[in-house]
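Have the model open as you read.

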Amino acid sequence: MKKKLIDKKYLLIFAVICSLFGCADAQDKEKDKNVLIVYLSRTNNTKFIAESIHKRVGGTILPLELKTPYPEDYKAIVDQVTQENESGFLPELKTKTNAADYDMIFVGFPTWGMRLPPPIKSFLTAYDFRGKTIIPFNSNAGYGIGSSFDQLKALVPNSSVLDGYSTKGGVERDTILNVMEGEKAKQVEADVLNWLERLGF
C-alpha cells in the first residue's frame, strides 16, 4: 500500500513538471513523424532549404536519388532533361519510401527548364497522395518557378497543396553552384521560418 502511494506521488510530480516545462514537446515529436521532407538537389541549394525546414518541423528528411544518375556535365543534363520532358519519360528512382505513412509531405526541387524536374514527377506518380497535404519548395536560377508548382498540383489532384516557397539559388550554367552561405544562408533561413509560420507551423 505504501509503495502504491509513493508511485502516485512520483506520477503527480511528473505531471506537474510536464505542465511547467512542456512534456508537450514529446507529443509534438510524435506528430513530427507524420511529416516527410523529400527533395531533389543537384548543387545543394534545395538541400539547404530542406534542412532548414527539417530544423523547424522535424519529421523524416529524404533526398531523391535516381537508379541511373544524371551526367555531371551541365549541357549533357540539360539535353537529357529536355528529351525526357518532350517524351514524358520518368526516370526510375533509387529512393523508396511509403508515402502512406505520412500526412504532410514537403516536396523540394530546383526549376529545370522552367518546369518540374522529371525525378519529382516520378516521385509524385509513384504513390497515392489522396488526402495528403503537399507543400512545395524550390530554388531557381533567378527566373522563378515557371510552371513547376502548377505541374505539381496537376499530379496530386486529390491532395491539398499549400502555398510554396521559392528563392534564387545557384546558376549552374555560369558555374555558380551552392550559394547558401553567409548572409544568403541567414536570409533564406529567416524567410523559411516566416513562410512556415504563415502556414501555421
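On a 1 Å grid over the protein atoms alone, a pocket is an open set of points where a 1.4 Å probe fits, with protein on both sides within 12 Å along at least five of seven lines, and its lining residues have an atom within 4 Å of a point. This is a predicted model, in which local features need pLDDT of at least 70 and side-chain atom pairs count only at pLDDT 80 or more, while totals for chains, interfaces and linings use all residues. Residues are numbered from 1 along each chain as its sequence is written, and side-chain values use heavy atoms, leaving out hydrogens and water.

**The second largest pocket**
- Its lining has 16 residues, and those nearest the centre are Leu40, Ser41, Arg42, Tyr70 and Glu72.
- By class, this lining holds 10 nonpolar, 2 polar and 4 charged residues (nonpolar: Ala, Val, Leu, Ile, Met, Phe, Trp, Tyr, Cys and Pro; charged: Asp, Glu, Lys and Arg; polar: the others, Gly among them).

**The largest pocket**
- The lining of the largest pocket comprises 10 nonpolar, 14 polar and 5 charged residues.
- Helix α4 gives the most to this lining, with 7 residues (helices are DSSP runs of H or I, at least four residues, numbered from the N terminus).

**Helix α7**
- Ala185, Val188, Val192, Trp195 and Leu196 are the buried residues of α7 (under 20% relative accessible area with a 1.4 Å probe, protein chains only; exposed is over 50%).
- Seen down the axis of α7, these buried residues fall within an arc of 95°, so they line one face of the helix (the arc is that of the directions from the helix axis to the C-beta atoms).
- Exposed Glu183, Lys186 and Arg198 sit on the face of α7 turned away from its buried side.
- Glycine 200 follows α7 and has a positive phi, near 105°.

Note on methods: Helix = DSSP H or I, 4+ residues; strand = E, 2+ residues; numbered from the N terminus.
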